[in-house]
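Have the 3D view open and follow along.

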Amino acid sequence: MPIVILAWKSLLNRRFTALLTLLSIAFSVTLLIGVERLRGEVREGFTNTVSGTDLIVGARGGQINLLLYAVFRIGNATNNISWESYQAITNLPKVAWTIPLSLGDSHRGFRVLGTTPAYFEHYRYARDRGLTLAQGEPFADLYDAVLGSEVARTLGYRLGDPIIIAHGTGDVSFARHTDKPFRVSGILAPTGTPVDRTVHVSLAAIEAIHVGWESGAAAPGRSPDAAQTRELAATGALTPKAITAVLVGLKSRIATFQVQRAVNDYPEEPLLAILPGVALADLWSLIGIGERALLAVSAAVVVVGLFGMLTALLTSLNERRREMAILRSVGARPAHVLALILGEAVFLTLVGALLGVALLYGVLLLGGPLITDRLGLFIGMGPPSAAEGLLLAAVVAAGILVGLIAGYRAYRLSLSDGLLIRV
Amino acid sequence: MTAAPLIPPAPAAIAIRDLRFRWRADLPPVLAIDSLDIQPGERIFIEGPSGSGKTTLLGLLSGVLPVVNGTLTVLDQPLHRLGAVDRDHFRADHVGYVFQMFNLIPYLSMLDNVTLPCRFSRRRRARALARGGSLNAEAVRLLGHLDLDDPGLRARPVTELSVGQQQRVAAARALMGAPEILIADEPTSALDADRRAGFVELLFRECREAGLTLVFVSHDASLEGLFDRTLRLAELNRAAA
């Protein structure tokens, strides 16, 4: 029976406390790795709010501003870009597809986006995931609206329900386009991006509801009704004169800087083209403080868990001083005593860490679909990443340190106690 | 003219000269022994109340405490010159120890308790195997000599044994693998008065059979007569005066 089995039997003798310590470490590891994984997913999700888009084009102004209103529907553009400029961009040889965006209206706090069916076809987020409709279809009729998942859930809309768009981002009764109610034709699946918070309508519809609103408010008696606007749409008279921004997809990534320069240097109108990935990463470094704080908190939880183990070990030492004296009397050295304590700490930490990771996978397996459904976050079930592996190694190293501290104390006690059995 | 002895005297099992022990350099010595010889096979009764330095003396004899002033030679080994690790090895190989109480490790079986010294000493392990064929067989044999034959008893947790039974298991452990010296620190003090002599007799029988040197510390004067020699620590230890 080598020292290892002696240590194991000793631990079994204190199995209740040992199990508590084990669970404490396991839970804290689950939290730590879970948060790290979540952090990675949130960061990925953010930087991939609009993946697959090579350039975003808007009127010349601030880069972050363009990103905020074109992608996050926050704030407003200082200027629009003309339809001719949009056509010119679309016709550039290296451009594969474009999505025009028209912002300005809202519905009960949610922004309204005027766009074309190209949006549903080409918009990508996260790891190349496209938009899917949970219910219904994209626009067919002029006054069809497709809701983001959060809009539908928060306001309780179902397919076929009517929707009134308000002019501008406020929601005052005299600014509502009540004469042209929309109909919910589709509801998108959750994405975890600002798409969830958007009401999508066609570009033509935006034009339709603003006919007669050129001065910024309804001109009494000069606005056509809904039926008349449908006729106008059929004739193509509702092509917009200006839009807010454009999402651009290129035939080849290599052409990105070339096209960006072409857009920025466009002589007919002052335009700005940004690389969404770069701009998003910049923005994240500003607002990403929260995620680092989260990681710091979960690291603190692990430290607390390990302190718990240290406390349990040190307390057990007092009860085990007799045991130590007996072992010393049969020839054990103080080093043996240290090894016993250290071995126990390392064992508890290792098994605790493994259990924690297993628990995490269990939680992801059982709760993953719920998280995706509610938060639009897809937390991967893959093996631990390099960063997670490093965290686990740090936890084990900390456990070894705890073992050394307690082991050294036992070592000193053994030296000073000698063969004295303390009653 | 006295003739020189034809047979040189056997070396003492334990020989102490000019031993002074103090816990810290600035404290007065707690143990001061000028000379002490214990012959191999002797059964020594050391009488000393607490405070007379008996714990210290046993710590020194078993190699747990270091000898800084004086010499301590056990079985021809100069313990005063050995480092801590070597002294621990020495104790593992040559010394069996019995405490006053709480001798047994509660989460080990009776047999595991008895065979414990063999886990720390290759020498004792080899001797036990030579004697009994297997460690457990040798343990059972020793336990049998100490009136602990019952296999049913062996299966029970050691915490359920009576004090007397526990002390006898401790004795078996101390005898395991035939160490040369057996140190017993008040082993009968926790036993009923009428059982003490019986325990001592058992111990004597085993020691005689194995040729062990027995150092028995106690304050129970009624047992004194059974032993070869009595040492009074109060007289022996100049520092206790």
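In this predicted model, the centres of domain 1 and domain 2 of chain A, taken over C-alpha atoms, sit 52 Å apart. The domain assignment puts residues 3–46 together with 288–417 into domain 1 of chain A, while domain 2 of chain A takes in 55–274.

Let's start with helix α14 of chain A, which spans residues 386–417. Follow it and you'll meet some other helices along the way.

Take helix α2 of chain A (residues 15–47) to begin with: its axis comes within 10 Å of that of α14(A), and the two cross at roughly 155 degrees. An angle over 145 degrees counts as roughly antiparallel, so that is what α2(A) and α14(A) are to each other. Their crossing is right-handed. Where do they touch? On the α2(A) side you'll find A:Val29, A:Leu32, A:Ile33, A:Glu36 and A:Arg37, and these meet A:Ala387, A:Glu388, A:Leu391 and A:Val395 of α14(A). Sorted by class, this contact between α2(A) and α14(A) has 6 nonpolar residues, 3 charged ones and no polar ones.

Next comes helix α11 of chain A, residues 289–319, which packs against α14(A) at an angle of about 20 degrees, with the axes 10 Å apart. Angles under 35 degrees count as roughly parallel, so α11(A) is roughly parallel to α14(A). Here, too, you can look at the handedness: α11(A) passes α14(A) in a right-handed crossing. The residues that α11(A) brings to this contact include A:Val302, A:Leu306, A:Met309 and A:Leu317, and among their counterparts in α14(A) are A:Val395, A:Gly399, A:Ile405, A:Arg409 and A:Leu413. Count the contact of α11(A) with α14(A) by class and you get 14 nonpolar residues, 1 polar and 1 charged.

Helix α12 of chain A (residues 321–329) also packs on α14(A), at an angle of about 65 degrees and with the axes 10 Å apart. The crossing of α12(A) past α14(A) is right-handed. Here A:Arg321, A:Met324, A:Ala325 and A:Arg328 of α12(A) make the contact with A:Ala410, A:Leu413, A:Ser414 and A:Asp417 of α14(A). By class, the contact of α12(A) with α14(A) splits into 4 nonpolar, 1 polar and 3 charged residues.

Now hop over to chain B, where the strands come in. One open sheet here has 4 strands, paired antiparallel in the order β2-β1-β4-β5. Which strands stand at its edges? They are β2 (31–38) and β5 (77–78) of chain B, and since each has a single partner strand, one side of each is left without a neighbour in the sheet. Look at the β5(B) end: strand β4 of chain B (residues 69–74) runs antiparallel to β5(B) and is joined to it by 2 bridges. Within that pair, B:Thr73 stands opposite B:Pro78 of β5(B). Packed on this sheet is helix α1 of chain B (residues 54–61), which touches β1 (14–21), β2 and β4 of chain B, and whose direction makes about 125 degrees with that of β1(B).

Chain B has another open sheet, this one with 5 strands in the order β6-β7-β8-β3-β9 and parallel pairing. Its edge strands, β6 (95–98) and β9 (229–232) of chain B, each pair on one side only. On average, neighbouring strands in this sheet are turned by 20 degrees against each other, direction ignored. For a closer look, pick β7 (residues 181–185) and β8 (residues 213–218) of chain B, which pair in the parallel sense over 5 bridges.

Last stop: where the chains meet. 24 residues of chain B are in contact with 18 residues of chain A. On the chain B side, the elements giving two or more residues are α1, α2 (84–94) and α4 (116–120) of chain B. That side of chain B has 15 nonpolar, 5 polar and 4 charged residues.

Methods: Residues are numbered from 1 along each chain as its sequence is written. Chains are lettered from A and ligands numbered from 1 in the order in which they are written. This is a predicted model: local features need pLDDT of at least 70, side-chain atom pairs count only at pLDDT 80 or more; totals for chains, interfaces and linings use all residues. Two strands pair if DSSP finds at least two bridges between them. Two residues are in contact if their C-beta atoms, placed from the backbone, lie within 7 Å. Axes are lines fitted to C-alpha atoms, for helices over the stretch in contact, and angles run from 0 to 180 degrees between N-to-C directions. Angles under 35 degrees count as roughly parallel, over 145 as roughly antiparallel, 65 to 115 as roughly perpendicular and the rest as oblique. A crossing is left-handed if the near helix is turned anticlockwise from the far one by less than a right angle, and right-handed if clockwise. Ala, Val, Leu, Ile, Met, Phe, Trp, Tyr, Cys and Pro count as nonpolar, Asp, Glu, Lys and Arg as charged, and the others, Gly among them, as polar. Domain bounds come from an automatic or database domain assignment.
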